[in-house]
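Please open the model in your viewer, with residue selection to hand, and follow the stops below in order.

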Amino acid sequence: MVESPMDRAATTIDAMEAENIKVTVSAVRSCAGVSMETARSSVEAWRTQHSRPVVAVTKAAQQAFTRL
């Protein structure tokens, strides 16, 4: 089975992350051998999936959610 460019980019990103290598569009493009657009899309998707925004929740809101 032939891997798609997006799959190659995703595999490369996973390997870079496992080795604590900074994930950048240029690095993914170079290592995976994909187009700049594919690398950009893959890195953007990875960043979206791995971002954990901090949301302040008040004590009252926490208590309300625990009652549900």
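The model is a predicted one, in which local features need pLDDT of at least 70 and side-chain atom pairs count only at pLDDT 80 or more, while totals for chains, interfaces and linings use all residues. Residues are numbered from 1 along each chain as its sequence is written, and side-chain values use heavy atoms, with hydrogens and water left out.

Next, select residues 36-50, the 15 residues of H3, whose first and last C-alpha are 21 Å apart, close to the 21 Å expected at 1.5 Å a residue (1.5 Å times one less than the number of residues). Within H3, colour Thr38, Ala39, Ser42, Val43 and Trp46, which are its buried residues (buried is under 20% relative accessible area, exposed over 50%, partly exposed in between, with a 1.4 Å probe and protein chains only). They lie on the same side of H3, because they cover an arc of only 125° around the axis, taken from the directions from the helix axis to the C-beta atoms. Turn to the face away from this buried side, and you will find the exposed residues Glu44 and Thr48.

Now centre on serine 42 of H3, which is buried at a relative accessible area of 7% and touches Met6, Ala9 and Ile13, leaving aside residues up to four places away in sequence.

Finish at serine 30 in helix H2, which counts as exposed at 61% relative accessibility.

How values were computed: Helices (H or I, at least four residues) and strands (E, at least two) are DSSP runs, numbered from the N terminus. Contact means heavy atoms within 4.5 Å.
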